[in-house]
Structures are given as structure tokens and as C-alpha cells.
Amino acid sequence: CPVVLAPVNSSVAMPPPADIVKVAIEWPGAYPKLMEIDQKKPLSSIIKEVCDGWSLANHDQFALQHADSSNFYITEKNRNEIKNGAILRLTTSPAQNAQQLHERIQSSSMDAKLEALKDLANYSRDVTFAQEFINLDGISLLTQMVESGTERYQKLQKIMKPCFGDMLSFTLTAFVELMDHGIVSWDTFSVAFIKKIASYVNKFASDISILQRSLAILESMVLNSHDLYQKVAQEITIGQLIPHLQGTDQEIQTYTIAVINALFLKAPDDKRQEMANILAQKQLRSIILTHVIRAQRAINNEMAHQLYVLQVLTFNLLEDRMMTKMDPQDQAQRDIIFELRRIAFDAESEPNNSSGSIEKRKSMYTRDYKKLGFINHVNPAMDFTQTPPGMLALDNMLYFAKHLQDAYIRIVLENSSREDKHECPFGRSSIELTKMLCEILKVGELPSETCNDFHPMFFTHDRSFEEFFCICIQLLNKTWKEMRATSEDFNKARKMKEQIMRALTTKPSSLDQFKSKLQNLSYTEILKIRQSERMNQEDFQSRPILELKEKIQPEILELIKQQRLNRLVEGTCFRKLNSRRRQDKFWYCRLSPNHKVLHYGDLEESPQGEVPHDSLQDKLPVADIKAVVTGKDCPHMKEKGALKQNKEVLELAFSILYDSSGQLNFIAPDKHEYCVWTDGLNALLGKDMLSDLTRNDLDTLLSMEIKLRLLDLENIQIPDAPPPIPKEPSNYDFVYDCN
């Protein structure tokens, strides 16, 4: 009797197709529907199917949107973001919704108008709706309401002030949200509109929402249009902005500094110093120090970013002097050098009525200039023709000589009394130090879009750069003295750059605290660095060590490769850059444990710990990756003109290219993550890992491995050539036969 096998239900064993998403769909007044959406079907046919289920005609007037707080419409572009278990809502189409709101905000009823503006502010965050509303000339309608429409309600302000304030707040919010999508150019706005917005900065100072949005609009105008910058600069004064820094609302303080930074950044070169003088007169630095930095609350990321930008723009004022060569024929400039000599040696002026006294004075000056440490003793003006640091070095020297006269005289006289080979020439070291400090503070570079690295101590003094120099020049002299350095060691004295950088990373709250941190960095640490360098340069260059390096290097590179891939498996949170940095959006990317697939997806907020694979909906097989490009070659850097000019963002950008036109664009959170990801992706593609991080890791690990292997050879000099082969022994009686 044949055995009949029951058919197996294959649907139980098979996972659901990847293109099918299970969702719930809501419709007002009806029970939600559970539905499977086939992502291969056109969106219009899915909407028709939903409408048919509720017997709704004219399906082309409906759309689907997320039922969460975002209310974002679902389009063909973003439909892949729908996740299993999502709750969607059937609603009127973006075009219909935009048309209805366009009519509602022009209602004669104050209550209806207010409700419509509230809805408009909410919906305008969605780019799909924003495009439809802008197509109806919605931006012009809002600007007209701001310019003249609100005048109708001026008389009612006394009895309807809350309603009027809310109405204006929602109008400005909708305007900001619509403009943030980058659909409409900022160049189209009238002077009347700018005057209105500028007036709100004073008029509605007590209304936080109106003030915040007015400041945001002013900042965007200045940053996005040269013509608008000029108009805004005429309408808003620093005096009007300063009071907003003295309040307690950190968000208002942040927007206020952002407007000041924007005006500073876009000001013509010849106007920046004038603006800096105004900021000094208004005591901006001390106000920020008192009411922001030393306020009894934590500084959030956006405030830290704006303080960093202000710090960078302030130091960039030094660029002009840094790039100005000294004119040896300019008597005013030469007088500065004479003043340096006078303060150091207090020489009385010689009578100049005879040629003999003139010759004597020239000889004395040459001797003094040598003691001051200039390279060119006869004409020290020639020392300041190199840019950078140009005239900035001379400015620093004069500031030090005048404000710390005793320390200046002591340094000059100490070095005058040393042997020539052990002197630390004040002139030359000041020029080198000024150049180094400009490198550390990146004088002349544009501020980064993502950096928050401000230093509180630079807000504690009106001449913080000069004070910074004064502390460091004394450290340089102290270090030189402890090292008993010679002129040949001059470049090694630049190791103090590491001391300065290490002290800065601790974020000292004052210049005195910075000075004490530097003093705690003793000569023994510098000695260790020098000894390490000597060991690397001498012992590690012998032939046997080089051969050992070659043998070990592939093992170390494989170790680094595995570390990079392990980091990619852990994953990284990347931030999406947009026109308003305050609204941070995040996405996460990680490599599967088998190194076959990249999983990625959007996040609502920065995650705490790792993000599991199953929560990342999108996938990219590693086999589909065609290339990894960086910097200016990235598609998202070519598209964003403003970012393209930003050196630091360019240095953190990389993209994965796949298929014919597919791309996955990244901006790393920092340089370390950038190196990890570019190295890891190159390793996946079988290419070399070329980052600075790999080079440093390779050097460190090679050095450690070689030192470990040479422990038994400590203090034994390694010969360049192998020793001679000894003669054969007279007998082999000492050999033990293992068999």
C-alpha cells in the first residue's frame, strides 16, 4: 500500500518577501485597516486600493502619511522608509491640503486664521507639502502678511495680545520651515520685510518664540545672500542684539550669537576690524563670559558650536598681520624694533652730531640686535619678511616687552649671558612660536560646520592671542633652559607644540589655569620623547631591524584590518547635515558579522550603544560596491556649494558608489571615524588602507612588537653586518642523536 505524504505548507517555512510591508492604515471615523503593502506596486494603485476599501471616490485626491507627530507624506522617493508595524493615515493629497490651507490663512475670522496658521507651521516641515504650498505663491502670501497684514490687528493688540502673538509666531515658524527646504531663493525679499523682522528683535523681546524665529530668519538671510547681508546690517545693530545675551534663555543666546557670527562672517574684509572694534566697545566678550560660559548651566552642542565659530572668526582677524611682510623702509615699523631694543637695554640716545658717534651707535645696535636674537643683526627688519607669521610676530614681541617687561628683560639677558651655542634667541624663537600658534589655532581657515571645540580661556581677555603668546614664549625659554638645548635643537623645541595641544585639550577655564597646566609638564616628558626619537632614528634603522620590520609588517597590517572591520561591525551614528544645524537628524550604518552586507537606516536621536541589524531596514551587499570616493569627489560635496568651500567638512566626507548611479553619502563625526570607515571599506574591497590612522597604528604596533622581540638584546649594540661564520669544530661529540 503506497504511503501518501501530506503536502507541506510552504508559507510557514518561508520568510515574508522583502518587498512586502505590513502596516495599519487609519481613516477618521473608521476602524484601522491591517494591510500588506507591496513596495513593487505604484503608490497610486496602493492608495486606490485603500480608498476602495472605504468606498471613497476620487482616489487621486488622497495620499498616505505617517500617523506619528511628523505627519510626513509618503511619496515614491521615501516609501522605502516604511517599516513593518508602521501606522499610516489616509488623508487629503498635498496639493489639496496646500490649497485648503492657502485659503484658510486668509480667513476673516481671527480664530480660524490662527488655527490655519498653526496647521501650516506643522505641515511646512514636510518637503512634499512645502513644494505644493510654495507653488501656490505661499511664501509671498506669508511675507505680505508680515509686512502689512499684521497692521490690521495692531489696534487689537491691547485686547487680543496673546492671539496676535501666537498668530505672528505661527506665521514666522511656517516661513522658516518653508525656507529651510531650499526651494526658494533668499534674494527675493524686500527691504520692508527685512525691516519688519529686524523690528521684532526689539519689539517682541519678551515673546521667546517670535524673537527666536526672527533671529533665525536674520541669520539665514545674512548667510544665504550678499544683498540681504547689506540690508540686514543696516537694519540691525550690535547694540540691539547684546541685551538678548544677558537673559537666561540659552536658545535665544545661541541664535543671537549665530546672527553676530553671520554678520561677522559675511562682512567685507575692510569692515571686519571695524565690527570687531564695535563688539569690543559693547563688551561682547565679557558679556558672553559672564552670562553664557560661566552661567550656572551646561553649554549645549549648538551653543558650543557658535562659541567656536566666534572664536575662529576673532582669531581670523589676525590673518592680515600674519600675511603682511615688514617694509624695511617703513619708519613706523622700524620704530617697533628700536622700542624692543630700548626696553631690553635701556640705552640712552647717543649724540649724532659726528660721524664717529653714528658709527659707534650702529655698532652698538648691531650688538644689541644679536643679543635680542635676530637672525639679521644689521637689519632685523629682514627677519619679518616671511609670511606667515609676518608682522604678527613683531606685534607679539612688542606686547610681551611692554606688558611683561621684567620677564622680557630677564629672557633677553639670560640668553645674552649664555654660550652662543646654548642661547635661545628671543627674536627667532618668537617668530617660530607665532607661526606655531597660528597653526594650532588655524588662523585664516573658515570655521567647520560640525566643530564644537571652543576654549573658555580665550574669552577671558581682550588680547587673548597676545597673552597666549606671552605664556608660551616663557615656556619655550624654560624648556630650552632645562634641555640645555643648542641651536641644532631648535626644531626639536617645537615639541612644545604637543605640550600646548595637550594643555588645551583639558579646556582650562582661564589663561592662568592654562599656564599652570603647562608648568606641570616637566622636562622629563620632553626627554622621553627625545630619547624615543633617538632610538627610532638610530637603533631602528639598522639592517637586521629593517629586515625584521619587513617580516612583521604583513601580520600587523592584517591585525589593523581586522580591527577596522570589527569597528564597522559595531557601526557608527552619522549626522545628516542640513541648512539648520539645530535640527539634528541621524542615521546609522554597520557591517554584518559575516562582512557581506552593510545595514543602514534613519534614527530619531543619537543612539546609546550599538543598534541591532534588524532595526536597520536598508541593506547594501558589499559585492555591489563599485568604489569608495572621498572629499571633493563625493556627490554630496559637489551638490552643496556652501559645504564645498568648507575644508573640514570636505576632510570628513566619503561616499560609497554602487550600481549605475546608486550612492551612499557619509560625513564622519570626526577624523578618527573617517579613517576607520575609509580603511574598513577599502579593506573590504581588497584595496590598501592609506589613512593617517593606519600609518600611525602601523608605526606604533611595529615599534612595540620589535621592542618586545628585542628585550633580550637590551643595551647591546646591533651591528649593521652579520658576524662572521665561525670555524667548524674539531669534533662533534657534543651532538645528541635524537634517534
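In this predicted model, R575 stands opposite F586 of strand β6. Strand β5 pairs with β6, which spans residues 585–591, in the antiparallel sense over five bridges. Both strands belong to an open sheet of four strands, and a second open sheet of four strands has mixed pairing.

- At the edges are β5, residues 572–576, and β8, residues 618–621, each of which pairs on one side only.
- From one strand to the next, the twist averages 25°.
- Helix α26, made up of residues 543–570, lies across β5 and β6, and the helix runs at about 130° to β6.

**The sheet with β1 to β4**

- Here the order of the four strands is β2-β1-β4-β3, in an open sheet with mixed pairing.
- The edge positions are taken by β2, residues 33–38, and β3, residues 62–66, and each of these strands pairs on one side only.
- Neighbouring strands of this sheet are turned against each other by 40° on average, direction ignored.
- Strand β1, residues 20–26, runs antiparallel to β2 and is joined to β2 by six bridges.
- K22 has E36 in β2 as its bridge partner.

**The packing of α9 and α10**

- Two packed helices are described by the angle between their axes and the distance between the axes.
- Helix α9, residues 208–224, packs against helix α10, residues 226–235, at an angle of about 130°, and their axes are 6 Å apart. Because of that angle, α9 is oblique to α10.
- On the α9 side the contact is made by L218, M221, V222 and N224, and on the α10 side by H226, L228, Y229 and V232.
- By class, the residues of this contact between α9 and α10 are six nonpolar, two polar and no charged.

**The second largest pocket**

- The volume of the second largest pocket is about 680 Å³.
- This pocket is lined by 21 residues, of which I440, L441, K442, D453 and M501 are the closest to its centre.
- At least two residues of the lining come from each of the helices α15 (301–315), α21 (426–441), α23 (496–505) and α29 (647–652).
- The lining comprises nine nonpolar, four polar and eight charged residues.

**Features of the backbone**

- T387 and P388 are joined by a cis peptide bond, with omega of about -15°.
- The peptide bond from P388 to P389 is also cis, and its omega is near 10°.
- P388 lies in the loop between α18, residues 355–371, and α19, residues 391–403. The loop between α18 and α19 also holds P389.
- N58 is a residue other than glycine with a positive phi, near 50°. The position of N58 is in the loop between α2 and β3.

Notes: Residues are numbered from 1 along each chain as its sequence is written. This is a predicted model: local features need pLDDT of at least 70, side-chain atom pairs count only at pLDDT 80 or more; totals for chains, interfaces and linings use all residues. Side-chain values use heavy atoms; hydrogens and water are left out. On a 1 Å grid over the protein atoms alone, a cavity is a set of points where a 1.4 Å probe fits but cannot get out, and a pocket is an open set with protein on both sides within 12 Å along at least five of seven lines; lining residues have an atom within 4 Å of a point. Grid points are joined across faces, edges and corners, and a volume is the space filled by probe spheres set on the points. Ala, Val, Leu, Ile, Met, Phe, Trp, Tyr, Cys and Pro count as nonpolar, Asp, Glu, Lys and Arg as charged, and the others, Gly among them, as polar. Two strands pair if DSSP finds at least two bridges between them. Axes are lines fitted to C-alpha atoms, for helices over the stretch in contact, and angles run from 0 to 180 degrees between N-to-C directions. Contact means heavy atoms within 4.5 Å. Angles under 35 degrees count as roughly parallel, over 145 as roughly antiparallel, 65 to 115 as roughly perpendicular and the rest as oblique.
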